Amino acid sequence: MGERAQSATLSPSCWSFLAIAKPMPRLAPVIMATLFMDINGKVALITGGAKRVGREIALEIARRGARIAVHYRSSEAEAKAVAGASGTVFHADLTDVVSIDKMIRGVEEEFGGLDILINNASVFSPATADDATPEHWDMQMDTNAKGPFFLAQRAAALMRIRGAGKIINIADVAGEVIWPSYLPYSVSKAALIAVNRGLAKAYAPQIQVNAIAPGPILFPEYYTEEQKQAAIERTLLKRAGSPRDVVNAVVFLIESDYVTGEMIHVDGGRHIM
Ligand SMILES: NC(=O)c1ccc[n+]([C@@H]2O[C@H](COP(=O)([O-])OP(=O)(O)OC[C@H]3O[C@@H](n4cnc5c(N)ncnc54)[C@H](OP(=O)(O)O)[C@@H]3O)[C@@H](O)[C@H]2O)c1
């Protein structure tokens, strides 16, 4: 039995099933299919984990018993507060693959491996088709698509040593809808959605790769009340979500071993409007 199966856990509902199934040994393969990754004791790297949505993801994974590697670029103090005594912080600029490599080496040295990667860090900056510059394009694509890709590539090498792993890419409904006023950003998230599907194929069956596409969760500080209301109006549910909604989807995807190449919309219905 591989390490993946050894480290997996049966859900409470499975135990009652197991009790019924006891006299029927031929059902063993069915029981195997209900195994799931237990967050407790796993090593998780969360990019952009110092603040906002990434912070809430990191804190919940730690609360469930994972050892967390909290990545930051500029928010060192906030990252240390999230990591607490049992976690560790790691600096990296995701536009720089050398910096990504250094971080992965640091995670390996500190924790001896990696089980979960949450590609959460992102840059969200407006530019239209007319005013986008090559520099702006590169910043969006490098941070939101290229960086997550190479981080996943390096992380997958560590996960394969353990025989299992979860990669979760935090995309955006903008990657499907494509917002004209955030055109390079939208394209970078569309690229991340494609990366998500490509890596799910590349790293199966050991590693499951999935995405989450949030809608309005936490607005940028510079958003006016009018912009916030307009974003809310563009949802079916007529309200903003909360980081908790994203966290719930992250936990589901970590614990679900039979889901890969998927993208869960956590957007109040925005993507079908
Ligand atoms: N907030 C929403 O309503 C919403 C909606 C749709 C999708 N999303 C997606 O959900 C995720 C989290 O959203 P958020 O609003 O919490 O994110 P955010 O505050 O915009 O950014 C998260 C972190 O990304 C890090 N970052 C930016 N550029 C970086 C770079 N070049 N290298 C390394 N780190 C970099 C920053 O870390 P430092 O602070 O350490 O510099 C920042 O705190 C993002 O992927 C976002 O696109 C969010």
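Modeller: A residue counts as buried if 20 or more other C-beta atoms lie within 10 Å of its own, as exposed if 12 or fewer do, and as partly exposed in between, with C-beta atoms placed from the backbone. Helices (H or I, at least four residues) and strands (E, at least two) are DSSP runs, numbered from the N terminus. This is a predicted model, in which local features need pLDDT of at least 70 and side-chain atom pairs count only at pLDDT 80 or more, while totals for chains, interfaces and linings use all residues. Residues are numbered from 1 along each chain as its sequence is written.

Colleague: Which residues of helix 4 are buried?

Modeller: They are V53, G54, R55, E56, I57, A58, L59, I61 and A62, that is, 9 of the 12 residues in the helix.

Colleague: What covers the buried residues of helix 4?

Modeller: Contact here requires C-beta atoms, placed from the backbone, to lie within 7 Å. The cover includes strand 3 (43-46), strand 4 (67-72), helix 5 (76-83), strand 6 (116-119) and helix 11 (243-255).

Colleague: How do strand 3 and strand 4 run, parallel or antiparallel?

Modeller: Strands of a sheet pair through backbone hydrogen bonds, in either sense, parallel or antiparallel. Pairing is assigned when DSSP finds at least two bridges between two strands. Strand 3 and strand 4 are parallel and joined by 4 bridges, with V43 opposite R67. The chain passes from strand 3 through helix 4 to strand 4 in a right-handed β-α-β crossover; right-handed means that, with the strands pointing away from the viewer, the path from the first strand over the helix to the second runs clockwise.

Colleague: Which strand and helix make a β-α-β unit with strand 4 and strand 5?

Modeller: Helix 5 lies between strand 4 and strand 5 in a right-handed unit. Those two strands run parallel, with 4 bridges joining strand 4 to strand 5 (residues 88-91), and H71 stands opposite F90. Strand 4 is largely enclosed by the rest of the structure, because 5 of its 6 residues are buried.

Colleague: In what order do the 7 strands stand in the sheet?

Modeller: The open sheet has the order 5-4-3-6-7-8-9, with parallel pairing. Strand 5 and strand 9 (263-266) are at the edges with a single partner strand each, so one side of each lacks a neighbour in the sheet. The twist averages 20 degrees from one strand to the next; axes are lines fitted to C-alpha atoms, for helices over the stretch in contact, and angles run from 0 to 180 degrees between N-to-C directions. Helix 5 packs on the sheet against strand 4 and strand 5, at about 170 degrees to strand 4.

Colleague: Which residues of strand 6 are buried on each side?

Modeller: I116 and I118 are buried on one side, and L117 and N119 on the other. Strand 6 pairs in the parallel sense with strand 3 over 3 bridges, where L45 stands opposite L117. Strand 6 also pairs in the parallel sense with strand 7 over 4 bridges, I118 having I168 as its bridge partner.

Notes: Contact = placed C-beta atoms within 7 Å.
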